[in-house]
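Here are my notes on the model you sent, point by point. Please read them with the structure open.

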Amino acid sequence: MGSMDIEQIFSAAIEREIEANQFYAGVAKSAANDSVRQIFTELARDELGHKELLERFKHDPTLDMRIAAPSQDFKIAEATESPRLSIEMKPADAIALAMKKEQQAVEFYRGLARSAKDSVTREMLESLANMELGHKHRLETVFVDIGYPEAF
Amino acid sequence: MAGLAASFGSGAMTNSIAELQDAKVLFVIGSNTTEAHPVISYFMKRAVRKGAVLIVNDPRRIDLTRWATMHVQHNVGSDVAYINGLINEIFRNGWAREEFLATCTENPDEIRNAVKAYPVEKASKICGVPVDTMKKVARILGESESASVCYTLGITEHICGTDNVKALANLQMVLGNIGKYAAGLNPLRGQNNVQGACDMGALPNVFHTYQPVDNPAASAKMAKAWGVEKLPTKPGYKMPTMLRKARDGGTKILYCVGDNTVQTEPNMAHTIEELKALELLVVCDIFPNMTTEYAHVVFPDTSWGEEDGTFTNTERRVQRVRRALTPPGQARSHWWVMQELGTRLGRDLGFTSGRSIWEDMRATSTSLAGITWERIERQGLQWPCPTVEHPGTPTLHLSGKFTRGKGLFHALSWIPPAEAPDAEYPLVLSTGRRLWHYHSGTQTRNSVGLEAIFPEELMEISPSDAAAMGIRSGDMVKATSRRGAITVKAWVTDRSPAGVCWCAFHFYEACANVLTNSAFDSVTETAEYKACAIRIEKVSDGVPVAPSVSRQARP
């Protein structure tokens, strides 16, 4: 992977977003809970948006893809165990699963960035990691609202 | 909490205290805020000074009505009918936030249909609020971009307390007022640390941070952390059941911490019989009180100024508390008492300080895991705060997501209080708290200054009822219910509407809970402290006082 050129990086990143979109769309169809179905549908739509963004960068070399890391990283995904995928998932599990996936994406791009041979490629991969970090941050913010139910 | 948790998934204040000052509309119901939550009332008054509309909904002319744009005097125990009527009017006029209903709630058509049974004309007959007033309130709420609802025990201390809370949750969801700054649904929790006690698992069915004891995963996690093979997975009894079972041997030992049970539970005579039936009653408190009289063992506890630990206030904010005084005599921190008891029972609990207990909790916590004592050295943090990187959460549901996913509507029908006035007991008694005293008075009645300001209980009687019975302020009267009787000084005041009397439970000499009914909400088992039937008889004349004479302590 270290020898990938910029176009290959974009292609791989786009492929990840397509896979994520298909994954979320698939589980949205099978989820038993209405809230979970809606969450996965929204996530599938988000991934499609990410794919379109990456395609714009891929096809327009005049665009400079520099994405800064979000100002905060709550590290909630890192502190949360990945839930098991099932049709009986609760809304919090759906968000937890998605934020774990974003955490894995961050780690994927950061790993590639560390082994990149040139600074242009490294910066591109760091930008992609930052983009995924932004997605993780957004999901972690949702998880705080949804992840700590109170039993009475 | 149960009603709110059923609707939202969380039972705590959705917003923060400071946000109240920025509210456009404040809808306060069942909360005598200036007396029971005086600090929070300052934020409400500040909102009014900044132009907010304050709607105070209370059968009594409480002090907060002096700042109110509107005072709505609904009948005691009519909340569900009143709120359903408002929601009906909001739907009828197209003021419901349809986009919020469609995207953030689970069953909006259910509430849309259910409130059709409560047109304002019908609701008005139940709640006693004029139709035009109900329409005006609905319009204010419906046309405002946001509104904050605050409530307290006037909502929850009814046999339908859970439904009352669900009705308010319905209202705020219909208006799309959840997940907004300076809006939301805000139960003003009692005392300084009721929220903290619940967070730490002082409930019969959950470990700390609301992890259910009957959830095998949660139970296994705690067992592993605490080094035991297994933990009980059956929820315990709520307090009324706990006490009731004392009489049939189902409860043998009661360990009572900082709760003057005799004076604070309804139907005092009944409570005393239940305590007498116990094999062992252990009471931990800071001064002797009505309950220590019946205890086999009393452990003297430290007071708040002698303690090192945390309090969690009503806005979910965990705050450090530091010892300012050395505990007198044999008084000990309550964790120390528990540790010593554990040791004598063959179990080292591992408690060495307030901080060690916090860390023990944090290790297996979820929503409090990010709150360390270092982080709250100067400023408290609001949960959820799941990691040390997280800044805490002043406002819940800002993402548009409820803790349970989507907000859940509940179709509700009004039911009357358990005990209605009749020919023998023609007046409604409602009860509560006064500014100058605190709960059963274990602390405040040992404070010379507070005892001097407000030294005795007063029975508040409306001018029309008092006139009909020939009673004047200062006369001694006997108040009698089906449970017992008290003799108390009368205060004739238009704070009480006709047909309604009111007194507090701070004074054991004339305690409201001699009279109150132990009928309770079937979900929470919270008793109906706010409504029972009594009769009043004059016992003796007081010193005649000219009507123009007033006293600061009796506004």
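How many helices and strands are there in chain B?

1. Chain B has 19 helices and 17 strands. Helices (H or I, at least four residues) and strands (E, at least two) are DSSP runs, numbered from the N terminus. The model is predicted: local features need pLDDT of at least 70, side-chain atom pairs count only at pLDDT 80 or more, and totals for chains, interfaces and linings use all residues. Residues are numbered from 1 along each chain as its sequence is written, while chains are lettered from A and ligands numbered from 1 in the order in which they are written.

2. Overall form of chain B. A compact globule of 555 residues would have a radius of gyration near 24 Å, and chain B agrees because its own value is 24 Å. The radius is taken over C-alpha atoms, and the globule rule is 2.2 Å times the number of residues to the power 0.38. Along the principal axes, the C-alpha atoms of chain B fill a box of roughly 65 × 60 × 45 Å. Of the 555 residues, 50% are buried; buried means that 20 or more other C-beta atoms lie within 10 Å of the residue's own, exposed means 12 or fewer, and partly exposed is in between, with C-beta atoms placed from the backbone.

3. Cores. The largest nonpolar core has 83 residues, and L26(B), L86(B) and L168(B) have the most contacts inside it. Helix 4 (residues 79-92) of chain B gives this core its largest share, 8 residues. A second, separate core of 49 residues includes L429(B), A466(B), A490(B) and C511(B). A nonpolar core is a set of buried Ala, Val, Leu, Ile, Met, Phe, Trp, Tyr and Cys residues joined through C-beta atoms within 7 Å.

4. Contacts of L86(B). Beyond its neighbours within four places in sequence, L86(B) is in contact with M134(B), V137(B), A138(B), L141(B) and L171(B). Two residues are in contact if their C-beta atoms, placed from the backbone, lie within 7 Å.

5. Domains of chain B. The assignment gives domain 1 (2-187), domain 2 (194-382) and domain 3 (427-540); such bounds come from an automatic or database domain assignment. The C-alpha centres of domain 1 and domain 3 of chain B lie 27 Å apart. Between these two domains, 20 residues of domain 1 of chain B are in contact with 23 residues of domain 3 of chain B. On the domain 1 side, helix 2 (33-36), helix 9 (153-156) and helix 10 (161-174) of chain B each supply at least two residues.

6. Strands around strand 15 of chain B. Strand 13 (residues 458-461) and strand 15 (residues 485-492) of chain B pair in the parallel sense over 4 bridges, and M459(B) stands opposite A490(B). Strand 14 (residues 476-480) of chain B runs antiparallel to strand 15 of chain B, joined by 5 bridges. M476(B) stands opposite K489(B) in strand 15 of chain B. Strands 14 and 15 of chain B form a hairpin with 4 residues between them. Two strands pair if DSSP finds at least two bridges between them.

7. The interface between the chains. Here 19 residues of chain A are in contact with 28 residues of chain B. Helix 5 of chain A provides the largest share of the chain A side, 5 residues.
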